[in-house]
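Welcome! Take a look at the model below, and then we will walk through a few of its parts together.

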Amino acid sequence: MRPLARLLALACCLCLAACAAKAPRTPPDPGSLWAGYLARQETLARQPDHIEARASLWYTTPERSNRTLVALWGSLARPLRADINASMGASLGLFREDASGWTAYYPQSKEAVVHAGGGAGAGALGVNVPFSLRDVGLLLSGRLLPLTGDAPRASLPLEDGLTAFLLDGKGPAERLVLDPEGRPAELSGGDGEPWTVIFKDYDDPATDLAGVVEMTLPGGRSARLILKSLAMRGQPWPEAATALAIPPDVAVRAARP
């Protein structure tokens, strides 16, 4: 083969390789993908409900951005406790959630907020997010079935091999995006105030859980949880470990509707 012909052949091969590299990934069969999601959820559900998690929380509004440290522990069946500390160690908020509602105690202002019944609001991590402490525990531990329900009503292929599933309304989420491995990539919902959760950094093969959970919220706000550690304990937490005692000199008020 002449040098010019060899050069042209090499250029064609390189062009074909580049085109193949740029070709979009074909999404798997939606039925098989959803079956894989359910199987993964069943595996996670067989683990203990007793969680211990630590994470960094970046909360951003149009006016400010701040970083805090989050400790979350208790049972995903509740009660759950969470402590929020500044990056320098100062205690900013202590939270407890059970089946009857939630309590938030702010040591620096010496006030407490209580809320009876369902709902999230300030009960989750001390910031205005549409998630309860249990929801946050579910997001961090990958147990999304209570949020998604078990039967989608439609599917839609997306770019990069992703597949979106429109959900059946049995959970608070309305849409779940799975990656080609059947892992959650995005979750969204909201009744009049839309929210989106993005799952990133599936880097730990031992857990195959997202290391970063990002929330896009109404009003230009966002929250980013960077998981530092997560353990599902075989033994329940002692009752005293999930208690939250409010000092007698602290003003207690009901949460705003």
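The buried residues of helix 2 pack against helix 3 (133-141), helix 4 (145-148), strand 8 (163-166), strand 9 (173-178) and strand 10 (184-189). This is a predicted model, in which local features need pLDDT of at least 70 and side-chain atom pairs count only at pLDDT 80 or more, while totals for chains, interfaces and linings use all residues. Residues are numbered from 1 along each chain as its sequence is written, and side-chain values use heavy atoms, with hydrogens and water left out.

**Helix 2**
- Helices (H or I, at least four residues) and strands (E, at least two) are DSSP runs, numbered from the N terminus.
- L33, W34, Y37, R40, Q41 and L44 are the buried residues of helix 2; buried means under 20% relative accessible area (1.4 Å probe, protein chains only).
- Seen down the helix axis, these buried residues fall within an arc of 120°, so they line one face of helix 2; the arc is that of the directions from the axis to the C-beta atoms.

**V70**
- You can find V70 in strand 2 (residues 65-75).
- V70 is buried, with a relative accessible area of 7%.
- V70 touches A53, R54, A55, L57, D83, I84, L125 and L225, leaving out residues up to four places away in sequence; contact means heavy atoms within 4.5 Å.
- V70 and D83 are 13 residues apart in sequence, and their C-alpha atoms are 5.9 Å apart in space.

Technical notes:
Buried < 20%, exposed > 50% of the residue type's maximum accessible area, 1.4 Å probe, protein only.
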